[in-house]
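Please look over the model below before reading on. My notes are numbered.

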Amino acid sequence: MEAMSMIRPELVCPAGTPASLRTAVDAGADAVYCGFQNATNARNFSGLNFTTAEMRGGVDYAHDKGAKLLLAINTFPPGGKTDLWKSAIDDGVCFGVDALIVADIGVAEYVSQNHPDQRLHLSVQAGASSAEAIQYYCESFNIKRVVLPRILTVKEIKAIHDEIPCEIEAFIFGNIGMMAEGRCSLTNYITGVSTNMDGVCSPASHVKYEEDKARNLMTKLGDFTVDCFSCGENAGYPTVCKGRYLVDHREEPYYAFEEPVSLNLTSLLPDLMQAGVTALKIEGRQRSRAYVRSVVSAFRKAVDGYMAGENPELSGLLALTEGHRETAGAFGGKKWR
Amino acid sequence: MAMTALSKLTIGPILFHWPAEQKRDFYFRIADEVQVDRVYIGEVICGKRVPYFEQHYEEVARRLSAADIDVVYSTLSEVMIRNDRQIVAKLCADESINIEANDASALKYLAGKKHAAGPFLNVYNEWTMSHLARNGTTHITLPPELPGQAMDTLGAKSKDLGVTLEAQVYGRIPLALSARCYHARAHDRVKDNCQLVCEEDPDGLDLSTLAGEPFLTVNGIQTLSHTCLNLVHEMNGMQAKGISAFRLSPQSHNMIETAQLFRRVLNKEIDAAEASARLAENGLDAPFSNGFYHQEDGCRWVENQ
């Protein structure tokens, strides 16, 4: 591996709370991403995220330690409710965040018209999956970086890199949603809470665990059974796209969309870096500080190792993946589709 | 009533992979037997399906135009691989046709040209609408999960911008897209060797929960509701909010009759309750839903007061 051919990538780490922000920065994050305590970001869960005062403090903490703070305003305001998004944007700009991560065309439009000097990143929630789509956002809103959907192979990422005028950020570790980001209303269909408009996927308030007489545990979201576990099994959190279902032509229930696995691109890191990915993103704003510390430290070492031309040991990360099972997802090749 | 007279009835793109002859015959019957104002043709789900019907575009468009029906070509909703990109580029390069853009790559090609924006484009608010209008969008079909309340603001703004608005009122509800083909997966295949197995299911593949309850519908990379959207009771209210076109999403049952029922409601010849009762008898074999409009779970049916 030629260490010289790669640009040193930015390690972009989750900060669900001010405490996690400090943990991630201290563990070696180059940048942290976070959101306000409301529907303006796609991880709008209770107990997570930042008040305006905390956001101001977060920016100061990150900047003092030489890290960046990226503010996610990556949901889609419904008509007539744009004021909440307007405040989030204006506050973020005022606090000096290093970039806003946006998904909605309208939100991007508001920022580029009212804060033309503010650096903009295109969220994965925008679902820009082709060079032309990314070019459109870059030309319209002066986007500086795109977070690519988790649906492209390394080869495809390389091809896109050669055709777009902005930086590429890619997910390397954590939860992997199966649906195209920003194009999924499954949660809203069964809970009345929208991923795009409210920033919530599979809300805990709508999760139920019910045991039947044979002691099988049914996991439900809204009124619908998403999976069922016998007593020896570890019951997963019910997410529609990772549930088991029935179709007429199969005798057994099957994971119709995806098994409960996590994304782990540890082994592809050098390939991604050589494909032109200049920011590596770790998912998990909802995870604990201990998790953030372990994952960020491990990837800090890995990235530094690769840059130094070494082959770092990263097998310990598997223990942190969902159900201890991992996948390279689409990044590994076309057979995943 | 003047407002009613202006309302248009449209047939959305066929989301499922029907054999080419079935599609052609469907459009011929639409042209011959029912008074609709606009028909969206074009494949929106999967680039691999495109070659099968492409050869019939001209013939179908001619027949529909002869019946005084506007023809609009819808672009793919998810554009990723070279083949998808070429399909969108080719369609958008054709100056002689009207196009509905369903992703941002189409918006790039159509910048500065008059075009429609499709329901997969995430037009949730007045900011997005203003941006698109400047880019050349003159007509927008709203996303299915958008609540009726948000339509008030969008409807008012659309008049200032000279944009017209449309919403789906019938058919299974598009809920999600993915890079993976779930039809192929259900048959232990992957997208590249799917052998277009989606053709076996003209209304999609039914997924049930482990409790045996019908839940979702798989259509290639798309996931739809099991329930059938029915906003026949809401159309009056939608008109007042500024929605001027009502989209029926084709299912394999008798869509001619379905379209006639909606037309007669728009013409005030029958009321919504009568239309709904007849849709329940002759429509898709699935319960109705209208929850999204009322800001409830999308799968629910909210009784009209």
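1. Basis. This is a predicted model, where local features need pLDDT of at least 70, side-chain atom pairs count only at pLDDT 80 or more, and totals for chains, interfaces and linings use all residues. Residues are numbered from 1 along each chain as its sequence is written, chains are lettered from A and ligands numbered from 1 in the order in which they are written, and side-chain values use heavy atoms, without hydrogens and water.

2. Domains. Chain A is assigned domain 1 (3-176 + 261-336) and domain 2 (200-255). The bounds come from an automatic or database domain assignment. The C-alpha centres of the two domains of chain A lie 30 Å apart.

3. Helix pair. H1 (residues 18-26) and H10 (residues 289-307) of chain A pack at about 20 degrees, axes 9 Å apart. H1(A) and H10(A) are therefore roughly parallel (angles under 35 degrees). The crossing of H1(A) past H10(A) is right-handed.

4. Contact residues. H1(A) contributes A:Ala19, A:Ser20, A:Thr23 and A:Ala24, and H10(A) contributes A:Arg289, A:Val292, A:Arg293 and A:Val296 (contact means heavy atoms within 4.5 Å). By class, the contact residues of H1(A) with H10(A) are four nonpolar, two polar and two charged.

5. Salt bridges. The whole structure has 43 salt bridges over all chains (a side-chain nitrogen of Lys or Arg within 4 Å of a carboxyl oxygen of Asp or Glu). One pairs A:Arg300 with A:Asp30 at 3.1 Å, N to O. A:Arg300 is in helix H10 of chain A, while A:Asp30 is in the loop between H1 and strand E2 (31-34) of chain A, 270 residues apart.

Terms used:
Axes are lines fitted to C-alpha atoms, for helices over the stretch in contact, and angles run from 0 to 180 degrees between N-to-C directions. Helices (H or I, at least four residues) and strands (E, at least two) are DSSP runs, numbered from the N terminus. Angles under 35 degrees count as roughly parallel, over 145 as roughly antiparallel, 65 to 115 as roughly perpendicular and the rest as oblique. A crossing is left-handed if the near helix is turned anticlockwise from the far one by less than a right angle, and right-handed if clockwise. Ala, Val, Leu, Ile, Met, Phe, Trp, Tyr, Cys and Pro count as nonpolar, Asp, Glu, Lys and Arg as charged, and the others, Gly among them, as polar.
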